[in-house]
Amino acid sequence: MSSPEIDALTQALARLPGLGPRSARRAVLHLIKRRETGLMPLLRALEGVAENLSTCQTCGNVDTRNPCGICNDPRRDSRQLCVVEDVPDLWALERSRLFPGRFHVLGGRLSALEGVRPEDLTIDALVARVANGGIDEVVLAMNATLEGQTTAHYLAERLERFPVRLSQLAHGLPVGGELDYLDEGTLAQALRARRPMA
Amino acid sequence: MTLRLGPVQIERLSLTHFRSYRDAVIHPARGANVLVGENGAGKTNVLEAISLLVPGRGLRGAALGDMAQSGGPGGFGVAARINGPQGPVDLGCGTTADAPERRMVRINGAQATQSALSEWLTLIWLTPAMDRLFTEPASGRRRFLDRLVQALIPAHAHHAARYEAAMRQRNRILADERPADPAWLMALESQMAEHGTMLDSARRETLDLLGQKLAVVDHGPFARPVLALEGWIGLDQAAFTQELARGRARDAAAGRTLSGPHRCDLNVTHYAKQQPADRCSTGEQKALLLALILAHAELVREQRGEPPILLLDEVAAHLDPLRRAALFARLAASGSQYWMTGTDLSLFAGDDAMRFYLVKDHAITEA
Ligand SMILES: [Zn+2]
């Protein structure tokens with residue numbers, strides 16, 4: 001009934017977050033019924049992303065431009081820098097549209113148990129960005145998990161010698177909460193009420 | 001302090017593929033609930049199910065994977081409708097077949113963390129395994145103490161978990177043969193100090209309040225215990241941070257952290273005899289423990305405005321008639337919902353306020 005190619009597409013879609021085998025089959029059916037209006041635009045969009053996808057050399061964001069759209073945007077306030085663990089956290093903060101500055105993506109969080117050490121994250125690059133000057137405030141927007149908070153403490157230690165204000169999200173956030181899962185209102189509130197690092 | 005008034009009680013309890021039960025539902029009484037059945041019939045399983053509605057590993061300290069019904073589909077569910085001054089709330093907890101060791105928690109149908117459970121229900125339990133409390137290693141008494149604290153200070157579980165997690169990470173870094181990054185250690189130590197001092201002061205505050213309560217209540221045929229925290233001198237946050245930094249080489253050599261609130265022990269003395277609890281007779285130890293639990297329940301009622309729910313496993317059988325009558329009288333006066341188990345119905349006879357359940361052949365029937 002089904003060809004190997006269609007099966008492969010169904011399986012690939014079924015592995016996407018929020019989908020499963022049933023919804024994948026529905027999506028595939030939808031696409032093959034609408035070859036010109038559904039399948040082809042999707043194919044071109046995927047190709048466009050796949051060909052141009054890159055990690056921003058400045059901030060670590062994933063975009064189809066390098067430097068990324070945020071780093072390139074002259075309306076962004078270059079004096080404010082927000083440090084996040086991972087790209088989904090950056091995107092979550094962007095959805096809240098509340099942070100006017102630029103970002104730095106660490107690529108993870110310190111974890112002795114998972115063997116993630118300081119040199120595995122883009123911490124040296126962050127320190128270099130701050131050392132370059134022109135930044136007044138660094139917001140440490142780590143998750144409220146133990147490892148996120150450890151990372152925030154570590155960064156505060158490493159950035160202490162620079163003349164920048166260090167602040168932290170107001171973690172009245174749910175215990176163990178991860179930014180990516182917060183609704184935009186809560187996140188905006190955490191950012192607005194950010195407080196200086198102790 | 002008294003913000004909420006009136007007891008919180010379980011109005012409905014359902015067990016699905018939990019231990020010996022495929023499917024069981026109970027509609028408990030406001031006060032006494034007594035599960036009667038032969039040894040091994042599954043009475044304690046009901047208490048264990050209730051104990052999963054607060055943070056922690058339950059009254060057996062068992063692995064979640066062992067709680068699913070054998071021969072069942074692999075996961076289990078425990079659901080309770082509780083009611084109190086804040087109105088009805090649905091609490092749920094369980095596992096699924098694909099993640100038998102992951103505890104899922106639901107509050108009013110929404111996914112929640114384990115620590116969030118402590119906002120709703122306060123439980124105190126006494127089990128036969130706790131007969132060894134005064135003679136077993138310190139870790140058992142620490143867990144016991146932390147449950148007492150948790151009942152008064154819900155944030156305690158959070159600080160305890162964060163402290164332990166930060167300590168595990170620090171121990172791992174110290175065990176690594178690569179040189180440790182001092183800033184990383186400092187980041188972990190400052191969190192250990194932050195959560196560790198919260199943990200320690202909550203324990204001391206609880207012991208203070210409990211000591212005051214124990215000094216004034218009428219213990220009747222039970223015995224007055226005197227409590228003390230030993231094994232670690234409580235430091236403030238700054239001093240503890242320094243102590244941890246100074247102890248790095250020592251801790252690395254030992255392979256664990258040698259200083260901190262995780263080294264504490266709860267020391268209990270029989271007041272009248274001026275004798276350490278571990279040197280008292282088995283009967284005296286039981287009497288000390290009961291006096292402690294009952295005083296704590298009263299303290300919780302005063303401090304939080306609602307009495308805790310009590311789970312007393314096989315407690316009545318091992319008391320002489322005088323102490324048994326005294327226990328029932330104090331429980332009835334406590335305002336708590338309480339749960340007892342026993343093999344012999346006649347031990348509880350004469351009390352019409354109790355609701356009885358017969359536990360037999362993996363089923364629970366109201367008697
Ligand atoms: Zn960028």
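**Note on the predicted two-chain model**

1. Helix α2 of chain B has as its buried residues Arg141(B), Arg142(B), Leu145(B), Asp146(B), Arg147(B), Leu148(B), Val149(B), Gln150(B), Ala151(B) and Leu152(B). A residue is termed buried if 20 or more other C-beta atoms lie within 10 Å of its own, exposed if 12 or fewer, and partly exposed in between, with C-beta atoms placed from the backbone. Helices (H or I, at least four residues) and strands (E, at least two) are DSSP runs, numbered from the N terminus.

2. This is a predicted model, in which local features need pLDDT of at least 70 and side-chain atom pairs count only at pLDDT 80 or more, while totals for chains, interfaces and linings use all residues. Residues are numbered from 1 along each chain as its sequence is written, and chains are lettered from A and ligands numbered from 1 in the order in which they are written.

3. Helix α2(B) covers residues 138-152, 15 residues in all, and spans 22 Å from its first C-alpha to its last, close to the expected 21 Å (1.5 Å times one less than the number of residues). Its buried residues pack against β8 (123-126), α3 (156-175), α4 (182-216), β10 (265-270) and α7 (282-304) of chain B. Contact here requires that the C-beta atoms of two residues, placed from the backbone, lie within 7 Å.

4. Chain B is assigned domain 1 (1-122 + 310-367) and domain 2 (133-305); such bounds come from an automatic or database domain assignment. The C-alpha centres of these domains of chain B are 26 Å apart. Between them, 20 residues of domain 1 of chain B are in contact with 19 residues of domain 2 of chain B. On the domain 1 side, helix α8 (residues 321-334) of chain B gives the most, with six residues. That side of domain 1 has eight nonpolar, eight polar and four charged residues. Ala, Val, Leu, Ile, Met, Phe, Trp, Tyr, Cys and Pro count as nonpolar, Asp, Glu, Lys and Arg as charged, and the others, Gly among them, as polar.

5. Two residues of chain B deserve a check of backbone geometry. Asn108(B), in the loop between β6 (99-107) and β7 (110-112) of chain B, has a positive phi of about 50° although it is not a glycine. Asn108(B) counts as exposed because it has 11 C-beta neighbours inside 10 Å. Asp361(B), in the loop between β14 (355-360) and β15 (363-366) of chain B, likewise is not a glycine and has a positive phi, near 50°. Asp361(B) is exposed, with 10 C-beta neighbours inside 10 Å. Most residues other than glycine have a negative phi, and most peptide bonds are trans.

6. In chain A, the peptide bond from Asn66(A) to Pro67(A) is cis, with omega near 0°. Pro67(A) belongs to the loop between β2 (62-63) and α4 (69-72) of chain A.

7. Strands β5 (residues 137-140) and β6 (residues 165-168) of chain A run parallel and are joined by four bridges (pairing requires at least two DSSP bridges between two strands). Val138(A) stands opposite Leu166(A) in β6(A). β6(A) also pairs with β7 (residues 195-196) of chain A, in the antiparallel sense over two bridges, where Gln168(A) has Arg195(A) as its bridge partner.

8. Between the chains, 13 residues of chain A are in contact with 18 residues of chain B. The chain A side comprises seven nonpolar, four polar and two charged residues.
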